[in-house]
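Thank you all for coming; I would like to walk through one model with you, going from its strands to its ligand. Please have the sequence and the coordinates open while I speak.

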Amino acid sequence: MTTVTAARTAARVVDAVKVYGAGDTAVRALDGVSVDFPAGRFTAIMGPSGSGKSTLMHCAAGLDTLTSGSAWIGGTDLSTLDDRRLTALRRDRVGFVFQAFNLVPTLTVAENITLPLDLAGSPGDPEWIDALVDVVGLRDRLHHRPAQLSGGQQQRVAVARAFASHPDVVFADEPTGNLDSRSGEEVLGLLGRTVRHTGRTVVMVTHDPVAAAHADEVVFLADGRLVDRMENPTPDRILDRMKALEVPS
Ligand SMILES: Nc1ncnc2c1ncn2[C@@H]1O[C@H](COP(=O)(O)OP(=O)(O)O)[C@@H](O)[C@H]1O
Ligand SMILES: [Mg+2]
């Protein structure tokens, strides 16, 4: 690989194949996907249910391993890392936002946001954390517990937590799946603003064209393959593309 690619690409997979199970019941969830996620951009991964979106995200983020091919975060080939170094990379260089928020109920909002740093024994960058609190609009909720917040507010805590360690890339899997449309719009707007104002990188998995339209670019998966990319997407254009994918040819 070239260093030029590494400098401009936050994450990528090359010839990614993921097979679950074996024999007659084997499922080829990724069937030779090569895709790069440019640094400083908000990319959405779209595709019908079962097309391999979550598998791609999990393998790109080092949460799961590929059957063959390679997955990179910046210039690091994840397959070269042992478990300890992979855990450290996920902690220090990757952020996650999941559909189910995954906040710690006994911790305050402030403690949830800095949890990854506290686990790493790192003080982090207090100015960055302070700025994040304003970006996500939780200044007046810092001492609340998750149960005292709405779903939208909880997901905004999870977004701040994902960015707390200045990660190279934040991966979000259906981050608005548990939210009403208004809270979902807020969280999507927040992800977009954070990318544009801070130069961070977000890769979001979604099956929702309205959600994907918040991204700078959409990559489309079908049957475990990359079938298209779309710059400056709109909900209508995405919907048209998805309809074509869902109709068997
Ligand atoms: N742990 C697993 N074991 C077996 N099959 C799986 C597993 N995870 C996903 N699959 C299968 O792999 C394919 C892709 O799944 P997934 O990546 O979750 O798709 P998507 O997120 O696009 O809905 C599907 O056929 C799914 O049933
Ligand atoms: Mg999924």
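Which residue takes a positive phi in the hairpin of β4 and β5? It is Gly-74, with a phi near 55°, in a hairpin that has two residues between its strands.

Before I go on, this is a predicted model, in which local features need pLDDT of at least 70 and side-chain atom pairs count only at pLDDT 80 or more, while totals for chains, interfaces and linings use all residues. Residues are numbered from 1 along each chain as its sequence is written, and chains are lettered from A and ligands numbered from 1 in the order in which they are written.

Helices (H or I, at least four residues) and strands (E, at least two) are DSSP runs numbered from the N terminus, and two strands pair if DSSP finds at least two bridges between them. In that sense β4 joins strand β5, residues 76–77, through two antiparallel bridges, with Trp-72 standing opposite Asp-77. Strand β4, residues 68–73, also pairs with β1, residues 9–20, in the antiparallel sense over five bridges, and here Trp-72 is the bridge partner of Arg-12.

Turning to the open sheet, six strands follow the order β6-β7-β8-β3-β9-β10 with mixed pairing. Because β6 (94–98) and β10 (225–231) stand at the edges with a single partner strand each, one side of each is left without a neighbour in the sheet. Strand β9, residues 217–222, runs antiparallel to β10 and is joined to it by six bridges, one of which pairs Phe-220 with Asp-228. Helix α9, residues 235–246, lies across β3, β9 and β10 and runs at about 160° to β10; contact means C-beta atoms, placed from the backbone, within 7 Å, and such angles run from 0 to 180 degrees between N-to-C directions of axes fitted to C-alpha atoms, for helices over the stretch in contact.

Now the ligand. The shell around ligand 1 includes Tyr-20, Val-27, Lys-53 and Thr-55, and the elements that give two or more residues to this shell are β2 (27–38) and α2 (53–60). The largest share, three residues, comes from α2. A residue counts as near a molecule if its C-beta atom, placed from the backbone, lies within 6 Å of it.

Finally, Leu-179 is found in the loop between β7 and α7, and its contacts, leaving aside neighbours within four places in sequence, are Gly-151, Gly-152, Gln-155, Gly-184 and Val-187.

How values were computed:
Contact = placed C-beta atoms within 7 Å.
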